[in-house]
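Biologist: Please give me a close look at a single residue of this model and at the part of the fold that surrounds it.

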Amino acid sequence: MNSLKGFFLHNLPVKIVALLAACILWAFVMNDQNPAMESGFSVPLTVLNPPGESRITQDAETVKIKLRAPRSIFAVISSDEIKAFVDLAGLEPGTHPMHVQTVIPQGVEVLSVTPDLVKFTIDPIIQKRMGVRIVRSGEAPAGWTVAGIDPETRTVTVVGPQSVVATVAEVVGTVVVSNATADDADIEVSLQAVDEDGEVVESVRIVPKVISARVRYARSLARKVVDVKPTVEGTAAPGYTISEIRVEPARVELAGTGAALDAVTTLSTEPISAADLTESTSRTVSLVLPEGVTVTNKMVNVRIEVKKN
């Protein structure tokens, strides 16, 4: 035992110096043969626990990770072992800056992650009931007009991200009228969501996307403008005189078949009593329309001016 102890203690300083020299030499050789290196990897950014029924947008799809490790480690690791992710668990709708987290092999040091902060926007998917506006395109056959277009439904559901649905001003469907036939027909109408400027809004879904509309035709009517003649019965009170009778509008546009319009030169109003009037007055009365003749507004205003003798 004493001889073994003596062996270790004999020339101890020299042995310590030799051991240190050997360690330094080993470190030098290893560093020369297996130096530390830096390398960059571009990896996809994985999203964990995304909220349901939401559209998620982010300002970066990949990140660049700069690593340092001995050359021997870089020689055996693959890019699949280097991962970047964010966890969206529990986040409310809105925009959230999220720190990027990494998973890397042992013995590797992360020097940087670019970008290390990524913005995520969570936009809930909503549904909104909206009316349908039908637009007509094309012309009916000669001698015919479109009497009406009756869609099978006047409301549909718009589905999409809340921020996008908010830009939808209306849902529009275009009915293309054919001049080949005047037979009533059911036409399939494709619907589009548009904004206030009439531009199509993408990223929304319309349910149903296609509806049926019944197109009804009728014989087209001729038009004619005639004077309105007020019918005033009776006279003003003793000592008073009717000085003027005016009607507004003084002329109206009629619609009807050619034969019916040919027989009309003027239109009369329903009778207005002026009996015993002592002051000017205005009356709203209806026009008397012959058979087969129509007018947009049947009501006119008659002004009877009365003055004292």
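Modeller: The account below concerns Thr 269, its strand and the sheet to which that strand belongs.

This is a predicted model, in which local features need pLDDT of at least 70 and side-chain atom pairs count only at pLDDT 80 or more, while totals for chains, interfaces and linings use all residues. Residues are numbered from 1 along each chain as its sequence is written, and side-chain values use heavy atoms, with hydrogens and water left out.

Thr 269 lies in strand S19, residues 266–269 (strands are DSSP runs of E, at least two residues, numbered from the N terminus). Because its relative accessibility is 2%, Thr 269 counts as buried (under 20% relative accessible area, with a 1.4 Å probe and protein chains only). Beyond its neighbours within four places in sequence, Thr 269 is in contact (heavy atoms within 4.5 Å) with residues including Val 228, Lys 229, Pro 230, Thr 231, Val 285 and Val 300. With one of these, Thr 231, the Thr 269 side chain makes an approach of 2.9 Å to the backbone nitrogen.

The strand itself has a partner in S15, residues 222–229, to which S19 is joined in the parallel sense over three bridges (two strands pair if DSSP finds at least two bridges between them). Within this region Val 228 stands opposite Leu 267 of S19.

Both strands belong to an open sheet of seven, ordered S17-S23-S21-S19-S15-S18-S22, with mixed pairing. Strands S17 (240–248) and S22 (293–295) stand at the edges; each has a single partner strand, so one side of each is left without a neighbour in the sheet.

Definitions and conventions:
Helix = DSSP H or I, 4+ residues; strand = E, 2+ residues; numbered from the N terminus. Buried < 20%, exposed > 50% of the residue type's maximum accessible area, 1.4 Å probe, protein only. Polar contact = N/O pair within 3.5 Å; in protein donor to acceptor, adjacent residues only side chain to side chain.
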